[in-house]
Amino acid sequence: MNFNFTKLALLLLVSIFTVSCSNNDDVDTPLDTVSKTDFIENYAKIASANYADTYNTAVTMQTKINAFIADPSEITLADARAAWLYARDFYGQTEAYREAKGAIDNDKLTPAEGLLATEGQINAWPLDEGFIDYVFNTTGGTVQNGLIGDTSFTITADNLINKNEDIDADDIATGWHAIEFLLWGQDLNYDPINHTTDNYAVSGDRPFTDYTTADFADRRATYLQVVTDLLVNDLNDLNNTWKVGGTYRTTFEALSEEVALKNILNGIGFISNGEVAQERIYAAIDEGQENEHSCFSDNTNQDMWANVHGINNIIIGSYTTESGTTISGASLITLVKQNNTTFGTTLETKASATISKLNNLLGLGKNFDEIINEENLTSGGPANDLALALVEQSHAISDAATTLGVSITVGG
Amino acid sequence: MKYFYYILIFIFFSCNSNELSEEEYIDIKYELGEENLVSNLSIEAFTAEKAFGTSIPGLISLESAFFGVGNAMFEQSWVSAPATTTSRDGLGPIFNARACASCHSNDGRGKPILENNASSQGFLIRLSTGNSPINGPIDFPNYGGQLQDNSNLGIAKEASINVSFETITGTYPDGETYELRKPTYTIVDTNYGSISNVKQSARVGTQVIGMGFVDALSEASILANQDINDLDGDGISGKANYVWNVKENKTTIGKFGWKANQPTLEQQIAGAFSGDMGLTSSIFPDENCPDGVDCSKLNNGNNVGETVEVTDTQMSRIMVYQAAISVPKRRDYKTPDVLEGKQLFKDLACVTCHVNNFTTGNDYSLLKQLENITIKPYSDFLLHDMGDELADNRADFLANGNEWRTQPLWGLGLIKEVNNHTFLLHDGRARNIEEAVLWHGGEAENAKNNFKNLSKEKREQLLKFLNSL
């Protein structure tokens with residue numbers, strides 16, 4: 001099982017919060033008036049706290065990975081994997097700030113404005129595993145075409161950055177999924193008893209000996225070290241630029257109300273529909289296991305948890321930090337309701353439905369690849385339901401934007 | 001800067017429209033909804049990354065799902081077989097690119113090769129020994145119809161390509177000078193025998209917006225602009241290409257490609273899978289096999305029970321994706337300079353070929369939403385003689401070596417945002433829109449000369465209009 005008790009507790013907290021919100025509205029208590037500025041400021045606070053958590057948990061992961069590299073064993077490998085899974089939950093929520101002309105993916109900013117544009121380097125997916133290290137072929141053997149086996153290639157951060165997205169969009173060599181691949185290896189769904197490849201309950205299971213006695217063990221360790229350090233550096237930059245007084249935070253705060261709103265809503269609208277529903281869920285349902293987001297670690301359910309909650313954090317105006325405190329303020333729901341009760345209520349309903357469909361999927365207690373293996377695009381089912389809820393949520397976000405006087409594009 | 005702008009406006013109005021205020025001018029010149037290039041299915045370009053890759057609004061949920069699947073397929077790399085990624089293997093044995101997005105980055109435009117051999121990202125060379133008006137270009141022995149400059153491990157790529165540029169200098173009548181760069185391509189390091197006396201033509205990948213609307217155009221609506229013998233005497237002809245339609249097993253009108261040499265969006269995509277990535281499909285089921293290699297002994301990417309690497313299901317998904325990509329709304333469409341540029345575009349007769357008024361047909365079953373839509377592609381999709389300077393001297397069905405299909409101009413000004421470059425024309429030789437205009441010859445010679453005769457201010461206005469598309 002992938003999701004841990006901390007996450008479940010967090011999930012419960014958020015659910016309770018959402019429910020209590022709805023109850024307030026149902027009994028028709030007057031809403032506190034919130035302004036667009038309140039909402040925009042709260043977004044910045046949430047983003048800043050979320051990026052800080054992402055950086056801090058990644059530093060912990062880095063410590064565990066360092067310990068693994070220094071002394072590879074089943075225990076240190078398990079610790080490193082657990083730290084990756086934990087840190088991933090906080091990063092996953094930050095994806096709601098993408099496609100919002102922010103520091104992470106806007107290459108039109110200047111460095112003084114907070115230019116980073118490191119999204120590809122941080123989270124590019126799908127990973128071309130064979131470009132990095134050995135992969136299994138269909139006869140149970142392995143093929144080593146990747147950079148780890150290419151001794152003419154010097155593994156340094158600069159060299160990897162240059163290789164990343166080199167020529168072809170998916171020669172992906174760095175980021176979360178590269179680390180994931182180096183910790184877990186390919187997920188073959190292998191059933192050692194029946195010798196079939198339909199055991200979706202198993203994840204990738206790279207042996208720690210890949211870092212001791214296996215071919216290119218030293219180069220593999222160097223690679224893991226370099227990409228981990230690079231990710232932590234990139235997350236540190238994101239954290240710094242979003243801090244109060246940080247370069248992008250300053251840029252963001254200087255935006256006109258209209259532009260800031262448009263950026264925020266376009267971001268969550270796009271992530272809800274185009275990114276998570278369409279590219280991550282539908283593509284996985286239609287084309288199978290290798291198209292699931294965290295395919296090596298079988299952490300895709302948790303990716304869904306994080307992505308959905310990242311969007312929901314902004315809609316409900318609340319974020320629960322790693323330390324357990326809650327940052328809350330003006331929600332999108334409240335802001336929209338003030339301008340248009342119908343659209344505000346619809347947004348609330350769609351957001352709540354999305355959480356509910358997410359909980360259905362998580363409640364199955366099955367890995368994502370097992371779930372999608374039982375569905376196709378016309379079968380319905382929990383993954384389909386979640387995608388549809390996310391699409392509808394994006395349309396509600398689009399209507400909300402119109403209500404607030406800005407126009408966004410969320411696609412079909 | 002702002003002050004300067006107002007002065008410009010002031011000068012502008014004092015010269016052209018004595019009595020009109022800026023607001024009145026805009027009211028007169030702006031046509032309601034002109035920014036919507038595909039009517040109400042236009043989308044707003046927001047971030048550069050998604051300016052070209054966004055679907056039309058209002059897809060039903062299953063279409064939206066197909067769009068997402070197709071999008072993933074477009075972006076992701078194909079890998080050599082065998083691989084655990086069974087729905088993405090089968091690349092090669094020889095190929096130009098690993099993913100659609102390699103040549104159409106962010107659904108946008110490819111980059112040409114440069115003299116320093118920097119990676120090209122979307123450049124290739126077509127080959128032939130001659131042409132048949134019915135069957136099209138005749139393959140060059142050992143190399144086929146396209147030079148593949150990449151290959152799987154253990155297979156030799158066909159060759160490499162070098163380029164050198166000759167600088168052509170010119171002067172506008174007002175004394176301003178310009179420089180164009182004329183490329184010469186050399187095929188080197190050939191691995192499958194001599195390649196002399198080949199007909200060759202370089203290409204860059206184009207942005208893939210609005211393709212469904214073009215696919216949905218009726219043959220009659222394209223033929224309506226045809227004027228093969230220039231009966232109206234305006235110096236501009238326009239000829240439809242008729243090309244081999246594999247599915248229909250006959251010749252039908254060509255709509256896609258730099259020479260209008262593909263009849264349908266589906267065949268265009270299948271052709272790219274085959275020629276660019278070495279992937280088989282039911283339209284082009286034969287592996288593109290290098291000379292002297294027994295491809296039956298190589299691993300292919302066919303899954304159990306299937307005979308091609310890109311299955312019909314996968315083709316159907318990518319079809320929805322490509323057909324449903326919308327066209328961004330224009331920007332700055334209400335500024336006086338752009339509105340004046342729009343008028344110049346008409347006055348210079350650019351609009352004769354770059355036609356801005358089509359209505360799609362009423363039988364596009366793939367996406368019914370695209371039927372009966374008024375579109376402004378700024379193209380007639382017909383072949384025109386573009387002069388000797390642009391000629392590739394390689395015939396392609398009914399297109400001779402001087403003829404090219406009018407390029408749609410929608411999205412033109414966004415290429416810079418999406419792809420961080422402004423290289424244009426079939427091989428990317430033009431470094432910006434102005435150079436692309438200046439390369440126009442043949443039937444467009446007059447229009448180009450009239451452009452050159454404009455004042456600097458007017459030329460800029462025309463370019464601003466083009467950038468607003």
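Predicted model: local features only at pLDDT ≥ 70, side-chain atom pairs only at ≥ 80, totals over all residues.
**Exercise 1. Helix packing in chain B**

Describe how helix H2 and helix H9 of chain B are placed relative to each other, and state which residues make the contact.

Solution. 
- Step 1. Two packed helices are described by the angle between their axes and the distance between the axes.
- Step 2. For H2 (residues 22–29) and H9 (residues 336–347) of chain B, the axes come within 10 Å and cross at roughly 35 degrees.
- Step 3. The sense of the crossing of H2(B) and H9(B) is left-handed.
- Step 4. H2(B) contributes Glu22(B), Tyr25(B), Ile26(B) and Lys29(B), which meet Pro336(B), Leu339(B), Glu340(B), Lys342(B) and Gln343(B) of H9(B).
- Step 5. Sorted by type, the residues of this contact between H2(B) and H9(B) are four nonpolar, one polar and four charged.

**Exercise 2. Two residues of chain B**

Solution. 
- Step 1. Locate the residues: Gln322(B) is in helix H8 (residues 312–324) of chain B, while Ala97(B) is in the loop between strand E2 (94–95) and helix H4 (100–103) of chain B.
- Step 2. The cut-off for a buried residue is under 20% relative accessible area.
- Step 3. Leaving out residues up to four places away in sequence, Gln322(B) touches Phe74(B), Val208(B), Met211(B), Gly212(B), Leu265(B) and Ile269(B).
- Step 4. Between the C-alpha atoms of Ala97(B) and Phe123(B) the distance is 9.5 Å, with a sequence separation of 26 residues.

**Exercise 3. The interface between the chains**

Give the size of the interface between chain B and chain A, the number of salt bridges in it, and the N to O distance for the pair Asp286(A) and Arg317(B).

Solution. 
- Step 1. The size of an interface is often given as the accessible area lost when the parts come together.
- Step 2. Between chain B and chain A, about 3500 Å² is buried, and carbon and sulfur atoms give 51% of this area.
- Step 3. The contact involves 46 residues of chain B and 40 residues of chain A.
- Step 4. There are three salt bridges between chain B and chain A.
- Step 5. In the salt bridge of Asp286(A) with Arg317(B), the closest N and O atoms are 2.6 Å apart.

**Exercise 4. Chain A as a whole**

State how many helices and strands chain A has, and what percentage of its residues is buried.

Solution. 
- Step 1. Chain A has 15 helices and four strands.
- Step 2. Of the 412 residues in chain A, 58% are buried.

Notes: Residues numbered from 1 in each chain as written. Chains lettered and ligands numbered in written order. Heavy atoms only, no water. Axes fitted to C-alpha atoms, helices over the stretch in contact; angles between N-to-C directions. Left-handed = near helix turned anticlockwise from the far one by under 90°. Contact = heavy atoms within 4.5 Å. Nonpolar A, V, L, I, M, F, W, Y, C, P; charged D, E, K, R; others polar. Buried area = accessible area lost by both parts, 1.4 Å probe. Salt bridge = Lys/Arg side-chain N within 4 Å of Asp/Glu carboxyl O. Buried < 20%, exposed > 50% of the residue type's maximum accessible area, 1.4 Å probe, protein only.
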